[in-house]
Number of protein chains: 2
Amino acid sequence: MGEFDLIARYFTRPATRAVLGVGDDCALLQPAPGTQLAISSDMLVEGRHFFADVDPFTLGHKALAVNLSDLAACGAKPQAFTLALALPRVDEAWLAAFSKGLLTLADAHGCELVGGDTTHGPLNICITVFGEVPVVQGKSQALLRSGARSGDDVYVSGAVGDARLALEALRGTLALPPGLLVQAKSRLEQPTPRVALGQALRGVASAAIDVSDGLLGDLGHILRASGVGATLDTALAVNLLASRRHPDWPEAGIDAERQMELALAGGDDYELAFTAPGSARDAVEAAASESQTPVSRIGRIDTAPGLRLLDAAGKPLQRRYASFDHFA
Amino acid sequence: MGEFDLIARYFTRPATRAVLGVGDDCALLQPAPGTQLAISSDMLVEGRHFFADVDPFTLGHKALAVNLSDLAACGAKPQAFTLALALPRVDEAWLAAFSKGLLTLADAHGCELVGGDTTHGPLNICITVFGEVPVVQGKSQALLRSGARSGDDVYVSGAVGDARLALEALRGTLALPPGLLVQAKSRLEQPTPRVALGQALRGVASAAIDVSDGLLGDLGHILRASGVGATLDTALAVNLLASRRHPDWPEAGIDAERQMELALAGGDDYELAFTAPGSARDAVEAAASESQTPVSRIGRIDTAPGLRLLDAAGKPLQRRYASFDHFA
């Protein structure tokens, strides 16, 4: 099968939203009047972002999910995406499953595949995603990293640390009971981008980011961009490790220190970390409820730069947690 | 050097055109009223699209040039691009040269780097480029592949076949005198995207495509998308091999058959192949002159499907030329 047949068979569908989709030199998008286009790119590399033997359906899901998560962090409504794919070989079963995982998630979010590229090479998936953000009275409604203010509450959606727990189990650095592994693995391989929550937080949250490299590291980006610091209640954060509520959890024997590390620096969660003024607590609750996404308040923004961690008794913790860095 | 330092040092510059550039979860673009956004992605893989030892400055140039060429083929004005980069290691000298080649071409076209991704992995460069196309009275001015009509003239810009000539010399399948190799190599490694010509052809050309896989193969896309055929004068096409006019050309000893193959199926030229009605010959000349880009008329669109090749005497040629396919 040649390049053009491959594109036609697995990746070409009629454009419904875009003016022009797959098949010409460019795709054409017509943003609605009064909107801006939010754009994000993520590249996934075999051996770095996923194991060579990962289920291609979940890989297709994840490749788009991590990009949709960036749109969610900006409060953008998904519109379209391009896919550039380097493949070591043409494996039709793999392509069928990969494209199904990709397009199932795309359909769930009304996000249309409008173009891209396929080439021969070590497996590499590069997606660029486009979303719409309203502009109201000349002001963009995009959620940025730079809007956190002293006194704001710090929130995180859903669960954190479970993806990393699965990763460590797959790497063999710890052993998990089968039922727990399945649950944690689905967090690693099929993350849920918080697209509805991001949009519901427009005009409510003061700053937002998606948690891809680890809660503390990603929250650190908000703090630096906003010129503020924060104090976190680590007991509340550790509680967000959903695996702790699995019936087989006690069998796993993960000590308290490791649980803390997973929750605070785990990475690959694709939750939203965000801040909002204290006056917006009801609005945050409403956004969570409207988007059917749990959110937890875990700390507060301070004037003093840096991140302060408190234990359950409110005493400062000295331990530092390294965030994920692709080149560190 | 970590991922964030790398981005800050080599790829972050203040946004001047975009609402928001590098550094948040998304970039924000605000297309001008009455315009559409043209989008294209290209992925370049080491060993497939470039040699491992290629000069990183020219690689940076080429990575963006091949994307700008897609905008040119749509008649779009470059606006912005994202860069996703997988690197086997952090090599500062390489990054400095690569980013300089990339950003020098970007600046020449007013095309702003607004975001992207960096990760560890086999060298892979994925660029997604954004351009603006006017919409006049509800009608997109984008040049598409599908507009060629029987009786239209077939044109190609600049030179074709020289990039492939250089590639064959670098692969060792033929030997070139040094001066000729330098000239041909610059066509391979630093192609000129025909951005100004593409814009000048809006409202003039009936269909357009950029020549990346080879003249016949790419022209074939226009023919299929337009439901027409064409007849080409191969003597005129071979004349577009610029190396034939180099003083050292006779020394290279490239026979007529090989010249034909280079010109018709060479690939990597990043010229524009386009069609226009006979009534638009003066307008095509004016577009070429305005954009300071030579164009040559090499054939005509017919009703009968397929591509017919004529020799200098006007007699049909039977030989077939294979177009480049990444998976063939």
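Leaving aside neighbours within four places in sequence, which residues is Cys126(A) in contact with? Here are some friendly notes, with that one answered in point 5.

1. A word on the model. This is a predicted model, in which local features need pLDDT of at least 70, side-chain atom pairs count only at pLDDT 80 or more, and totals for chains, interfaces and linings use all residues. Residues are numbered from 1 along each chain as its sequence is written, while chains are lettered from A and ligands numbered from 1 in the order in which they are written.

2. Chain A overall. Chain A holds 11 helices and 13 strands; these are DSSP runs (helices H or I, at least four residues; strands E, at least two), numbered from the N terminus. Its C-alpha atoms fill a box of roughly 65 × 55 × 35 Å along the principal axes. The radius of gyration of chain A is 20 Å, which agrees with the value near 20 Å for a compact globule of 328 residues. That radius is taken over C-alpha atoms, and the globule rule is 2.2 Å times the number of residues to the power 0.38. Of the 328 residues in chain A, 56% are buried, meaning that 20 or more other C-beta atoms, placed from the backbone, lie within 10 Å of the residue's own.

3. The open sheet. Seven strands of chain A form an open sheet in the order β8-β10-β7-β11-β9-β12-β13, with mixed pairing. Strands β8 (207-211) and β13 (316-317) of chain A are at the edges with a single partner strand each, so one side of each has no neighbour in the sheet. Two strands pair if DSSP finds at least two bridges between them. Within the sheet, β7 (residues 153-157) and β10 (residues 271-276) of chain A run antiparallel and are joined by 4 bridges; Val156(A) has Ala273(A) as its bridge partner in β10(A).

4. Helices across the sheet. Helix α2 (residues 56-74) of chain A lies across β8 and β10 of chain A, at about 165° to β8(A). Helix α7 (residues 215-226) of chain A lies across β7, β8, β9 (229-233), β10 and β12 (306-310) of chain A, at about 155° to β8(A). Axes are lines fitted to C-alpha atoms, for helices over the stretch in contact, with angles from 0 to 180 degrees between N-to-C directions.

5. Cys126(A). This residue lies in strand β5 (residues 124-136) of chain A. Cys126(A) counts as buried because it has 32 C-beta neighbours inside 10 Å. To answer the opening question, its contacts beyond four places in sequence are Ser41(A), Met43(A), Ala84(A), Met43(B), Ala84(B) and Cys126(B). A contact here means C-beta atoms, placed from the backbone, within 7 Å.

6. The two chains together. Here 55 residues of chain B are in contact with 55 residues of chain A. On the side of chain B that touches chain A, β2(B) gives the most, with 9 residues. By class, that side has 29 nonpolar, 16 polar and 10 charged residues; Ala, Val, Leu, Ile, Met, Phe, Trp, Tyr, Cys and Pro count as nonpolar, Asp, Glu, Lys and Arg as charged, and the others, Gly among them, as polar. Strand β1 (residues 27-29) of chain A pairs with β2(B) in the antiparallel sense over 3 bridges, and Leu28(A) stands opposite Ala38(B) in β2(B).

7. Symmetry. Chain B superposes on chain A by a rotation of 180° with 0.0 Å of shift along its axis (RMSD 0.0 Å). That is the relation of a two-fold axis. The superposition is by least squares on the C-alpha atoms of residues with pLDDT of at least 70 in both copies. The copies meet through the same surface, because 100% of the interface residues of chain B are also interface residues in chain A.

Definitions and conventions. Two residues are in contact if their C-beta atoms, placed from the backbone, lie within 7 Å. A residue is buried if 20 or more other C-beta atoms lie within 10 Å of its own, exposed if 12 or fewer, and partly exposed in between; C-beta atoms are placed from the backbone.
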